[in-house]
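Visitor: Please take me through one part of this model in close detail. I would like to look at where its pieces touch.

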Amino acid sequence: MKYLASRVGFLVLSLWAAVTVNFVLPRLMPGNPAILMLGRYKGQLTPRALHALKLQFGVTNTPLWQQYWVYLGHLLHGNLGLSLTYYPVPVGQIIAQSLPWTLGLVGTATIISMVLGTAVGVYLAWNHGHFWDNVLSTVAMFTAALPYFWLALLLLYFLAYVYHWFPLAHAYSTGINPTWSWSFAFNVVRHALLPALTIVISSLGGWMIGMRNNMIQTLGEDYITFAEAKGVKKGRLMFQYAARNAILPSLTSFAMSLGFVVGGALLTEVVFSYPGVGYQLLVAVQNEDYPLMQGLFLVIALAVLLANFVVEMLYGKLDPRTRQGQGGAYS
Amino acid sequence: MTQSSDLEPVVRPAIPKPRAHRSSVWRGFFGNKKAAFGFGIFAVFVVIAIFAPLLAPYNPQATVFTPLQGPSWHHWFGTTATGQDVLSQMIIGSRVSLGIGISAGIMATALAILLGMLPAYLGGKTDTIFTTITNIMLVIPGLPLLIVITAYVHQTDTWTLALVLGLTGWAWGARVLRSQTLTYVRRDFVVAARLAGASHWHILIHEILPNMLSLVVANLMFATLGAVLATASLQFLGLGNPNSMSWGTMLYWAQVGQALLNGAWWWLVAPGAAIALFGSSMALMNFGVDELTNPRLRQARRISKEFSRKQSRRPTHD
């Protein structure tokens with residue numbers, strides 16, 4: 001119970017930090033959305049129209065703490081303001097349209113990558129020092145150092161542009177209408193394959209190396225030696241005894257890396273013009289669409305923080321030691 | 001003579017010890033194949049960056065060649081859409097790319113040392129507060145945050161970028177260093193130093209830090225790798241200063257100049273490969289240090305089969 005309370009507390013605290021960063025950042029910089037809108041109309045706005053815009057974007061001269069409360073109130077009601085790029089579409093609506101694409105693509109690719117990477121990691125650790133261990137751990141190091149988007153560009157060029165094996169861009173063909181049909185689903189999957197492949201390739205190595213190193217660590221424990229001496233079968237020793245414990249740190253890094261994956265996938269979406277959250281974030285940045293940018297950042301942060309929370313809760317269930325909290329350092 | 005030599009050893013042993021430890025770490029570092037190989041690549045890059053103006057065959061800005069030429073004897077990595085030599089751009093660009101990456105890595109590591117070790121050593125409320133801050137920094141998604149920050153800071157020149165990356169990249173290292181410091185704070189040698197009246201700073205820097213040198217080095221490489229990749233991403237999105245010459249901005253111009261639609265794959269491959277190669281050198285060194293500090297990763301094979309061989313090898317290893 002105490003563990004639950006501390007995790008909820010941390011979730012709330014980190015959410016508050018993300019929200020506050022989002023509030024403070026634009027106010028540290030000169031200009032406001034209404035002025036930007038003015039620039040967009042090349043200055044052809046009457047002062048009254050400018051005033052109306054200011055009201056609409058909530059630009060006021062009230063004290064900061066008051067603005068902060070208004071901002072928090074708006075957030076609680078899900079009001080993220082209006083987008084400048086797609087003016088006057090609310091930011092919330094744009095996010096609602098793009099979020100499913102990102103969750104579908106990145107979520108699936110991440111799970112595939114983690115499962116595959118972990119399985120290979122177990123195998124490599126079991127055969128530590130053999131041929132495949134040396135080859136794959138070196139290859140994994142190289143893929144971990146690859147820029148995600150660069151890999152995406154290369155695959156796009158060779159597999160889609162030169163060989164036409166995959167479509168070039170977008171989440172589904174431009175000619176067809178989104179419907180709940182098999183042909184449409186097939187179309188979507190076909191478009192998602194290449195972006196998913198780049199995400200899997202570039203994140204697989206991390207999972208593999210992480211699991212391999214944990215597993216080697218676990219295989220060196222006394223209880224494994226004892227189990228082996230006792231005559232426990234190989235498969236049981238590998239999975240029931242060693243992998244089950246070795247996977248625990250991988251779970252934490254799963255939560256940690258979600259932020260990284262969302263970040264990396266952001267550029268993958270840009271390269272493939274995939275209409276997800278990352279692509280919209282770039283559109284927002286290029287158009288200086290601060291309300292949209294802020295809304296997207298909040299949604300990404302919220303997704304990562306929630307996923308982190310769920311994993312932490314799960315971790316507490318799986319590993320009782322974490323529930324006890326950490327002792328003081330120096331007294 | 002007798003009295004002073006009786007007193008001396010109480011203070012002395014703590015001081016030469018770290019030095020001996022350090023030299024053995026370095027010997028091990030170059031003895032490790034992965035680490036040595038990684039360091040080799042890294043050294044080549046550093047030499048190229050230092051002597052860049054001498055090594056570049058052409059002026060990287062000059063738009064005097066036939067546009068979009070493929071790799072040839074005159075232009076090893078081809079030319080851009082405006083007729084610039086890609087190889088020269090890569091060589092000159094290594095300065096900014098390495099500069100940002102390494103300085104951001106050093107800054108992040110320095111912050112990680114400060115924000116990881118000090119709270120762990122002091123304990124109590126300070127520790128709770130700083131651990132919470134570190135954890136928040138860890139879970140807030142990095143690249144989106146960087147994009148939002150650089151979008152607000154309009155003039156993102158090279159050093160602003162390095163500063164932003166350094167200020168946002170310390171959390172992971174702080175966490176690792178904190179937990180390692182926790183294992184030292186109650187050891188006898190720290191207690192002895194405190195009883196001898198050493199200041200907090202002295203204990204942290206001269207007693208605890210030398211023991212964690214390999215972790216710090218590993219973190220430096222990890223942070224540099226992260227900074228190089230993040231810089232490339234931001235510059236690719238056009239968020240750096242697109243007019244500065246670096247690997248990331250080369251990719252940006254390649255994308256803007258529709259390198260792929262023109263079939264000019266070399267324009268994209270070259271700078272990306274440079275980033276990947278430099279990143280790999282960091283990852284290799286990091287992995288090597290990991291193997292050195294974690295004896296189990298270094299053991300040749302798994303348990304019983306090789307038991308006898310391992311036993312005989314162990315004394316020579318450590």
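Guide: Here is a walk through the contact between the two chains, followed by the contact inside one of them. Keep in mind that this is a predicted model.

Start with chain A and chain B. On one side, 66 residues of chain A take part, and they are in contact with 64 residues of chain B. How much area is buried between chain A and chain B? The figure is about 5800 Å², and carbon and sulfur atoms give 72% of it. Salt bridges are absent by the rule: the count across this interface is zero. Polar contact between chain A and chain B comes to one residue pair, with both residues at pLDDT 80 or more. Now look at the side of chain A that touches chain B. Helix 12 of chain A, residues 290–318, gives the most to it, with nine residues. By class, that side has 44 nonpolar, 18 polar and four charged residues.

Next, stay within chain A. Its domain assignment gives domain 1 (2–76) and domain 2 (92–326). Their contact takes 16 residues from domain 1 and 17 residues from domain 2. About 1500 Å² is buried between these two domains of chain A, with 72% from carbon and sulfur atoms. The rule finds zero salt bridges here. One residue pair is in polar contact, both at pLDDT 80 or more. On the domain 1 side, helix 1 (2–28), helix 2 (33–40) and helix 4 (64–76) of chain A each supply at least two residues. Helix 1 of chain A gives the most, with 12 residues. That side divides into 12 nonpolar, two polar and two charged residues.

How values were computed
Residues numbered from 1 in each chain as written. Chains lettered and ligands numbered in written order. Predicted model: local features only at pLDDT ≥ 70, side-chain atom pairs only at ≥ 80, totals over all residues. Heavy atoms only, no water. Contact = heavy atoms within 4.5 Å. Buried area = accessible area lost by both parts, 1.4 Å probe. Salt bridge = Lys/Arg side-chain N within 4 Å of Asp/Glu carboxyl O. Polar contact = N/O pair within 3.5 Å; in protein donor to acceptor, adjacent residues only side chain to side chain. Helix = DSSP H or I, 4+ residues; strand = E, 2+ residues; numbered from the N terminus. Nonpolar A, V, L, I, M, F, W, Y, C, P; charged D, E, K, R; others polar. Domains from an automatic or database assignment.
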